[in-house]
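The sequence and the structure come first.

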Amino acid sequence: MVKYIIKRLLLSILILFGVSVILYVLLRFMPSNFIEDQYMISHAQGGASEEQMKADLQLILAEYGLDDDSFWGIVKGYFMWLGKFLQGDMGESFKYGKSVQAVIGQYMWLSFGISFVALILEMIIAIPLGIKCAVNQYGKLDYVATVLCMVGIAFPSFFLGNLFIKWFAVDLGWFPVQGMTTEVITEVIDGEAVITVSSFFNYIFDYIRCLILPMSVMVILSIGGLMRYTRTNTLEVLNADYIRTARAKGLSEGKVVYKHVFRNTMIPLVTQLSFTLPSLFGGAMITEQIFSLPGIGQIAYNGMLAGDIFLAMGYNMFIAVLTVIGVLFADIMYAVVDPRVKLVG
Amino acid sequence: MEEKEKIAQPAEENAAEAKSNFNDNLHGESLADRTKVLSPWATVMKRFFRSKLSVIGLVTIIFLFLFSFVGPLFSPWAANGGKVIDYNPALIIDQYSYPTIEYTVNGVKYSAMDLTITAPDFVRLGGISWSHWLGTDASGYDVLTRLMLGGRISLTIGFVVVILETVIGVVLGGLAGYFGKWVDNLIMRIVDILSCIPTLPIMLILSVIFTESGLGGSISKLYYMMIFLCAIGWTGTARLVRGQILTLREQEFMLAAKASGLSTGSKIFKHLMPNVVPQLIVSMTLGLGSVILMEATLGFLNLGAPLGTATWGNLINLASTSEYREYYPNLWIGAGICITLAILAFNFVGDGLRDAFDPKMKR
């Protein structure tokens with residue numbers, strides 16, 4: 001097992017190397033004058049003259065290895081980036097004026113919070129429902145739930161998000177249309193801003209109110225996949241010999257389902273959950289975009305559109321690393337939860 | 001449930017008949033003459049059409065195709081790409097009535113059109129009417145016609161991308177599975193790398209690159225992006241084909257093929273590939289939905305085809321303008337429904353095919 005993990009880790013490094021090369025080359029194909037323009041726009045507020053700014057920019061580009069667009073220039077720039085990346089320095093985000101790791105660290109947690117709560121909700125609804133559907137296969141509930149799940153899977157996030165905004169935010173006015181809370185956590189008492197109990201709860205409730213719509217969009221979109229997965233696996237377990245044995249020895253149906261079936265259904269589910277790692281931390285780009293949430297997805301989206309090379313590089317590598325870890329973790333978890341599985345290196 | 005029992009009954013009768021046939025056999029008539037043997041494909045078709053959801057999916061797909069490819073023939077506006085009126089204020093005043101104000105000056109009644117209330121854009125955004133079932137948009141296009149024309153591009157792109165991805169995936173996956181060793185290692189590492197690259201961000205970066213390289217204004221930008229989508233999207237098919245071939249390679253019929261001295265090409269394409277076709281058809285059908293979704297996502301983010309082009313993605317892009325989202329749902333809901341229906345239908349058909357192909361499913 002240890003040998004297997006070491007082998008997989010080495011392979012992962014190779015994969016990440018390949019991913020970074022492709023990404024870097026692709027990003028360097030962005031016309032350099034575009035990056036310069038974007039830099040000028042984002043740094044225009046200073047009083048410096050244009051020549052001064054151009055000179056500054058050249059210095060910065062040279063420092064990051066972006067000044068030479070020839071083949072060897074790109075190779076050199078890549079290794080400069082790689083050297084810094086391995087030391088934990090992902091470069092500076094031109095658009096946000098901070099280091100990339102600071103940008104990711106700052107905006108990641110909102111995305112993580114939303115995705116995490118959405119994931120918990122999905123599991124609470126989808127897993128029992130999936131098992132119930134499998135136990136009553138071809139029943140009415142099974143039919144309805146399966147069709148609804150398929151509809152949920154088919155909905156594009158931008159369509160559902162906009163429909164929700166139109167219905168619940170605009171027509172009914174239950175939720176804010178976009179953005180985060182407008183309330184402040186403090187209350188002004190005698191000219192001083194103090195956190196009181198009521199202002200604190202106001203803030204929290206408003207915070208939650210802003211997140212309900214995006215969260216429900218995310219839950220509806222991905223609940224179908226999880227439910228169908230649970231259903232398929234439960235069906236497989238239900239056909240297993242040990243379930244027949246359990247029934248034959250006279251166990252009640254409840255005990256069969258909740259003790260014998262349920263536990264074995266969890267095996268593939270645990271591994272499946274490892275694959276959600278990238279989406280858990282990487283943010284939902286489109287959903288965040290629609291609801292104007294300052295999560296990492298939207299920040300990265302705007303950065304990439306603005307030709308922010310290092311942010312694009314950093315964000316995509318972040319996702320790639322999470323994907324690699326997720327896959328590796330899934331394989332290891334598979335061996336951990338199912339003793340029949342042996343990992344051979 | 002009831003239906004399935006009804007179908008099950010004749011099967012039993014058949015079995016009884018077959019039994020009696022077997023007895024008759026002694027009198028000189030062979031079993032094969034009496035019983036009807038279904039070919040594997042006919043069995044698959046029979047199973048497929050037995051599932052209600054698959055049939056609903058198939059009907060929806062046919063409807064969407066007729067809607068997109070035949071529908072425009074019945075639209076009076078289709079010839080101009082859906083354009084109803086030119087941006088000519090005189091024509092606009094002619095076609096749409098501004099609110100009229102009536103007033104009296106010195107006993108003489110005047111009536112005038114109030115041009116202050118409605119800006120030209122506002123007027124061209126006609127609501128739902130008999131001649132425009134989904135209204136007209138801000139550039140004076142008939143939305144329903146645009147929806148049909150958009151379907152042509154979106155559906156065609158879906159099919160072309162999926163077919164290209166499958167061809168690349170089959171060839172590379174087949175090579176990896178058949179030859180093994182370093183070929184397998186090399187191809188599978190490429191697959192690993194490509195499947196780690198996040199698709200949407202890459203498409204975003206590509207869109208920026210193409211736009212900045214001067215392709216922004218033409219539809220070929222969308223085509224180039226779709227080529228890149230194929231270039232990173234074939235990995236799933238390759239994995240599937242490789243896995244199948246790895247198991248098939250060890251089976252007896254391949255040993256027989258080897259023993260009869262067949263060429264490598266004939267072994268791969270005549271004996272291995274036909275066994276992978278069922279899985280390929282399923283993955284292609286399911287893949288169609290995801291390509292259509294990708295095109296729509298790009299269109300929604302305004303990264304796909306240039307704005308004037310009608311694709312489903314570009315039409316739903318209007319929803320990102322808050323004025324349209326709030327007051328003119330007729331402009332974008334149609335496109336959203338079309339995209340959702342297409343994805344749903346392809347998923348239904350894909351699932352139905354998977355069950356129909358599965359030899360373990362008895363019914």
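## Core and contacts

Leaving aside residues up to four places away in sequence, A:Val19 touches A:Met317, A:Ala320, B:Ile193, B:Cys196 and B:Ile197. The model is a predicted one. A:Val19 belongs to the largest nonpolar core, which has 157 residues. A:Val19, A:Phe158 and B:Trp312 have the most contacts inside this core. Helix H16 of chain B, residues 329-357, gives the core its largest share, 15 residues. A second core is separate and has eleven residues. Among them are B:Tyr178, B:Leu248, B:Leu272 and B:Val276. In soluble globular proteins, nonpolar side chains tend to be buried together.

## The interface

How much area do chain A and chain B bury between them? The figure is about 4000 Å², and 81% of it lies on carbon and sulfur atoms. Chain A brings 46 residues to the contact, and chain B brings 46 residues. Three residues stand out on the chain A side: A:Tyr138, A:Phe158 and A:Phe159. They supply 15% of the area that chain A buries against chain B, more than any other three residues. A:Phe158 is also one of the residues with the most contacts inside the largest core.

## Charged pairs

Side chains of opposite charge can pair when their charged atoms come close. Over all chains, the whole structure holds ten salt bridges. One salt bridge is found across the interface of chain A and chain B.

| Pair | N to O distance | Accessibility class |
|---|---|---|
| A:Asp142 and A:Arg231 | 2.8 Å | both buried |
| A:Arg228 and B:Asp351 | 2.4 Å | A:Arg228 partly exposed, 22%; B:Asp351 buried, 13% |
| A:Asp241 and A:Arg244 | 3.3 Å | A:Asp241 exposed, 52%; A:Arg244 exposed, 57% |

Take A:Asp142 and A:Arg231, whose side chains meet in a salt bridge at 2.8 Å, N to O. This pair links distant parts of the chain. A:Asp142 sits in helix H6 of chain A, residues 140-154.

The salt bridge of A:Arg228 and B:Asp351, at 2.4 Å from N to O, has a partner on each chain. It runs from helix H8 of chain A to helix H16 of chain B. B:Asp351 counts as buried because its relative accessibility is 13%, under the 20% limit. A:Arg228, at 22%, is partly exposed.

A:Asp241 and A:Arg244 form a salt bridge with their closest N and O atoms 3.3 Å apart. Both lie in helix H9 of chain A, residues 241-248. They are three residues apart, so about one helical turn separates them. An α-helix has 3.6 residues a turn, so residues three or four places apart point the same way. A:Asp241 is exposed, at 52% relative accessible area. A:Arg244 is exposed too, at 57%. Elsewhere, salt bridges that share partners join A:Arg228, B:Asp351 and B:Arg354 into one network.

## One helix of chain B

Helix H11 of chain B covers residues 235-249. At 1.5 Å a residue, its 15 residues should span 21 Å. The end C-alpha atoms are 21 Å apart, which agrees. Which residues of H11(B) are buried? They are B:Thr235, B:Thr237, B:Ala238, B:Val241, B:Ile245 and B:Leu248. Because these residues cover an arc of only 160° around the axis, they lie on the same side of H11(B). What covers them includes H7 (143-179), H8 (181-196), H10 (220-233), H12 (252-259) and H13 (264-300), helices of chain B. B:Leu248 is also part of the second core.

## Positive phi

Most residues other than glycine have a negative phi, and most peptide bonds are trans. A:Tyr138 has a positive phi, near 65°. This residue lies in the loop between helix H5 (100-135) and H6 of chain A. A:Tyr138 is partly exposed, at 29% relative accessibility. A:Ser292 also has a positive phi, near 50°. Its loop runs between helix H12 (285-290) and helix H13 (296-305) of chain A. A:Ser292 is partly exposed, with a relative accessible area of 28%.

Key
Residues numbered from 1 in each chain as written. Chains lettered and ligands numbered in written order. Predicted model: local features only at pLDDT ≥ 70, side-chain atom pairs only at ≥ 80, totals over all residues. Heavy atoms only, no water. Helix = DSSP H or I, 4+ residues; strand = E, 2+ residues; numbered from the N terminus. Expected span 1.5 Å × (residues − 1). Buried < 20%, exposed > 50% of the residue type's maximum accessible area, 1.4 Å probe, protein only. Arc of directions from axis to C-beta. Contact = heavy atoms within 4.5 Å. Core = buried A, V, L, I, M, F, W, Y, C linked by side-chain atoms within 4.5 Å. Buried area = accessible area lost by both parts, 1.4 Å probe. Salt bridge = Lys/Arg side-chain N within 4 Å of Asp/Glu carboxyl O.
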